[in-house]
Amino acid sequence: MSSGELFRNTIPQPNLTRLTTRREAPILSYMVNYQQRLDRTFAALVDPTRRAILAQLERKSSASVGELAQPFAIKLPAVLKHLSVLADAGLITRTKSGRTVTVRLRPQPMREAMAWLSRYERFWAGSLDRLAAYAERKEAEPRGKEK
Amino acid sequence: MTSLTLVRRIKARPSIVFDAITTAEGIAQWWGPDAGPVLIAEADPRKGGRYRVRFRMLDGTEHECSGEYLDVVRPERVVMSWRWQGGQEDPNESRVEIALKAVREGTEITFTHSRLLDGETARSHEEGWTGALDKLEARFAAGEAA
């Protein structure tokens with residue numbers, strides 16, 4: 001991605017279902033929704049059990065709820081609650097087939113969160129390069145020029 | 001929770017680096033990720049003072065950030081709050097902390113941008129997503145109108 005795209009064009013397609021009853025301009029929904037998704041992603045990732053579930057899903061392509069719950073010393077309802085948070089954040093998908101619910105990883109929100117952070121990184125890495133160049137130029141100036 | 005830290009070594013004394021970071025004259029020379037110009041640089045580097053920087057990128061887009069100096073110790077430390085004007089890039093307030101250490105070749109600068117996204121995330125735990133979202137929308141709308 002070129003630096004010209006910083007802060008632009010990296011906003012993924014919005015999911016406006018949550019906001020369609022609101023009346024603000026479309027761009028506002030778009031941005032708010034983007035922030036909301038980021039908030040959800042980071043909030044979902046705070047919990048160590050949820051991170052462990054995601055790590056499990058990363059190793060296998062898919063897993064049943066029972067398989068996912070197995071390594072944890074918590075009851076199934078608690079695991080289901082964690083899965084709901086992950087699903088709400090869009091980090092997993094759940095597909096029901098008969099009595100089995102199959103859970104799969106959905107990497108897009110994670111990529112989005114990483115992209116968001118990397119925009120800050122590009123901003124500061126570029127700025128610090130320029131800061132260094134400027135300060136080094138100042139340092140090289142004859143001392144007499146300084147106050 | 002979410003933060004970003006960059007460490008650099010600069011071949012200049014801490015006092016020179018510090019002034020480059022905290023004076024309008026200095027800021028105008030480097031702020032922004034590409035070779036685009038700084039359009040506005042204002043800085044009042046003392047505790048409670050404010051700064052404002054507007055820059056244009058090479059793609060023509062303009063961005064403005066501003067905030068308050070929370071701690072200023074020349075030439076070793078600056079802490080400031082950070083917010084993008086208009087909230088287009090990120091409506092939350094975050095925090096920038098810059099620490100300067102004298103090393104043999106000049107200055108080691110440790111740059112931390114923290115509390116990224118924390119405001120809304122922390123609040124959402126108390127109020128649920130709807131409350132946080134309403135606040136976010138109100139905040140964003142206010143930013144747009146300004």
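This is a predicted model: local features need pLDDT of at least 70, side-chain atom pairs count only at pLDDT 80 or more; totals for chains, interfaces and linings use all residues.

I begin with α5(A), whose 33 residues should span 48 Å at 1.5 Å a residue; the end C-alpha atoms are 47 Å apart, which agrees. Its buried residues include W116(A), R119(A), F123(A), L131(A) and A135(A).

Which residues have the most contacts inside the largest nonpolar core? They are L131(A), A135(A), V17(B), A20(B) and I21(B), in a core of 30 residues. Chain A supplies at least two residues through α5 (108-140), and on the chain B side α1, α2, β3, β5, β6 and β7 each do likewise. With seven residues, α5(A) gives the most to this core. L131(A) itself touches A20(B), I21(B) and W30(B). Another core, of 17 residues, lies apart from it, and L38(A), A44(A), A63(A) and L83(A) are among its members.

I turn now to the sheet of chain A. Three strands make up this open sheet, in the order β1-β3-β2, with antiparallel pairing. The edges are β1 (62-64) and β2 (92-97); each has a single partner strand, so one side of each is left without a neighbour in the sheet. From one strand to the next, the twist averages 30 degrees. Between β1(A) and β3(A) there are three bridges, and S62(A) has R104(A) as its bridge partner.

Finally, two helices lie across these strands. Helix α2(A) lies across β1, β2 and β3 of chain A, at about 90 degrees to β3(A). Helix α4(A) lies across β2 and β3 of chain A, at about 115 degrees to β2(A).

Terms used: Residues are numbered from 1 along each chain as its sequence is written. Chains are lettered from A and ligands numbered from 1 in the order in which they are written. A nonpolar core is a set of buried Ala, Val, Leu, Ile, Met, Phe, Trp, Tyr and Cys residues joined through C-beta atoms within 7 Å. A residue is buried if 20 or more other C-beta atoms lie within 10 Å of its own, exposed if 12 or fewer, and partly exposed in between; C-beta atoms are placed from the backbone. Helices (H or I, at least four residues) and strands (E, at least two) are DSSP runs, numbered from the N terminus. Two residues are in contact if their C-beta atoms, placed from the backbone, lie within 7 Å. The expected span of a helix is 1.5 Å times one less than its number of residues. Two strands pair if DSSP finds at least two bridges between them. Axes are lines fitted to C-alpha atoms, for helices over the stretch in contact, and angles run from 0 to 180 degrees between N-to-C directions. Lists of a residue's contacts leave out its neighbours within four places in sequence.
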